[in-house]
Amino acid sequence: MAHIDEKSNVTPPSSGTSIVLADDVHAVPSTIDEKALLRKIDMRLLPVLCVLYLLAFLDRVNISNAAIFGLKEDLKLDGIKYNTALTIFFVPYIICEIPSNMLLKKFKPHVWLSGCMFLFGLVTTMQGLVQNYGGILTTRFFLGVFEAGMFPGCFYLIAMWYRRDEAQKRYTFFFNSTSLAGAFGGLLASGIGKMDYMQGYRGWRWIFILEGILTCLCSIAFFFLIQDFPEEAKFLTEEERAFVKDRLQRDVGTSARDETMTWRDILEVFKDYKIMLGGLMYLGMLVPAYGYAYFAPSIVKSFGYGAIETQLRSVPPWVASFVYAMVIAIFSDKIKHRFLFAFVSILIAMAGLIILLCVHDDRNVKYGALFLVTSGCYGAMPVIVCWFNTNLGGHHRRAVGTAWQIGFGNIGGIIATYTFVAAEAPRYVKGYSLGLGFLGLALMSLTAYFFAIKIENHKRDIGTSKYSNPEILATMSEVEKKKLGDLNPDYRYLI
């Protein structure tokens with residue numbers, strides 16, 4: 001197979017397509033059924049990662065369900081203490097994103113992800129035993145430490161298995177574990193809430209204890225079920241492993257997986273301004289998304305529903321967002337386009353927030369607006385993350401870029417924790433307004449990224465991009481050429 005830097009054999013692809021090498025355009029080996037192989041990979045990889053992230057997100061946001069069942073009163077979380085307990089989670093969560101992806105590469109996914117999963121499940125259980133404000137702050141902090149690697153790690157792992165034109169529906173299915181977690185959390189909390197005072201424990205304590213134990217038990221099984229990178233997949237034959245590696249190399253170039261990642265490599269990634277745009281897109285989305293995830297029960301309760309009905313009514317918007325996101329993901333993969341699907345979804349979310357800001361007396365209309373907010377936010381986010389992540393070529397740029405986008409974007413989580421303050425119920429003008437403003441930021445960053453990669457593709461088509469200069473390439477070693485990833489002049493970004 002020709003390597004990506006062997007330019008004499010390169011046929012420049014059109015805008016938005018993969019890398020295609022002239023001597024790489026060949027038929028699927030007769031002994032391999034590509035569709036059957038993809039189904040095999042799907043069944044081994046996706047269900048486990050989806051359940052893992054469902055439980056991670058559930059353990060992260062179940063504090064919103066616990067708040068309805070006496071958490072604030074028992075721990076005396078008056079004023080903004082509750083909001084601070086939400087915020088402290090994000091401090092280590094943001095700091096540990098990039099180091100976690102580096103450790104994932106070192107220890108292998110099945111070891112790192114399952115180990116972190118056991119630890120954040122244990123911390124969740126401990127949340128059910130805390131007695132004061134200091135206790136909840138401590139457990140939330142360590143929850144952030146151990147959950148830091150889950151989302152970027154899983155996204156990074158999925159990206160190393162699938163081509164860009166087949167990744168969106170799989171990313172969305174994984175990402176929308178958050179929607180399923182929101183729906184499942186509401187249903188679970190409505191049932192667990194009825195255990196109030198059982199064995200002397202309040203309902204909110206049982207929410208943490210039972211959901212934490214479930215996570216710990218699953219993590220033990222997941223040590224054996226989580227798959228590593230394609231090069232090490234034991235469930236594939238040698239021929240299948242070679243085929244998977246080959247098709248990915250033709251899509252995004254050589255991975256440079258075996259090359260050691262240094263701090264200099266990390267800094268080199270940040271010299272590309274498109275990396276910053278990826279972080280800004282996600283930051284803009286996370287403020288309204290986390291605002292809803294953490295305060296959905298409080299928002300629904302402000303419409304005038306009781307505790308149990310509040311938990312149950314928080315479920316349908318999550319279910320609707322999952323269905324909507326899967327539909328646009330399927331069409332996005334079908335036509336091999338990302339930008340417009342994310343753009344329209346953000347506009348839908350903005351429409352929902354505008355309704356919530358303007359309508360005050362009709363709770364049915366306000367409840368309907370929640371469907372627009374959840375569908376828009378949780379439809380756009382997986383498209384944005386998948387689009388950015390899969391446009392990054394090679395292990396190094398993808399590992400760092402993914403962790404950066406998720407880590408920087410999660411600053412939005414810190415902002416979101418202070419957007420809905422109890423004193424501002426039931427109108428929550430500040431919360432809805434900030435969500436609307438940050439969606440505007442996401443929309444502008446998304447558009448800027450679209451034009452950036454479109455212009456870069458055009459430059460590469462006409463041979464005027466930075467690394468199209470033969471003199472620059474001549475000064476680079478083979479290792480440095482491999483590390484170029486999506487900066488290689490033969491690479492074309494998916495629009």
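Reader: Which side chain does a polar contact of 3.5 Å join to that of R460?
Author: A polar contact is a pair of N or O atoms within 3.5 Å, where within protein one must be able to donate a hydrogen and the other to accept it, and residues adjacent in sequence count only if both atoms are side-chain atoms. This is a predicted model, in which local features need pLDDT of at least 70, side-chain atom pairs count only at pLDDT 80 or more, and totals for chains, interfaces and linings use all residues. Residues are numbered from 1 along each chain as its sequence is written, and side-chain values use heavy atoms, without hydrogens and water. R460's partner at 3.5 Å is Y493.

Reader: Which residues does D333 contact, leaving aside neighbours within four places in sequence?
Author: D333 belongs to helix α16, residues 315-335, and is buried too, at 5% relative accessible area. Counting heavy atoms within 4.5 Å as contact, D333 meets R164, D165, E166, A167, Q168, K169 and R338.

Reader: At roughly what angle do the axes of α9 and α18 cross?
Author: Helix α9 covers residues 168-175 and helix α18 residues 363-390. Their axes (lines fitted to C-alpha atoms over the stretch in contact, with angles from 0 to 180 degrees between N-to-C directions) come within 9 Å.

Reader: Which residues of α9 make the contact with α18?
Author: On the α18 side you'll find Y378, M381, P382, V383, C386, W387, N389 and T390. Across from them, α9 supplies Q168, Y171, T172 and F175.

Reader: At roughly what angle do the axes of α10 and α11 cross?
Author: Helix α10 spans residues 177-192 and helix α11 residues 203-225, and their axes come within 9 Å. The crossing angle, which makes α10 oblique to α11, is roughly 125°.

Reader: Which residues of α10 meet α11?
Author: From α11 come G203, W206, I207, L210 and E211. Facing them in α10 are L188, A189 and I192.

How values were computed:
Helices (H or I, at least four residues) and strands (E, at least two) are DSSP runs, numbered from the N terminus. Angles under 35 degrees count as roughly parallel, over 145 as roughly antiparallel, 65 to 115 as roughly perpendicular and the rest as oblique. Buried means under 20% relative accessible area, exposed over 50%, partly exposed in between (1.4 Å probe, protein chains only).
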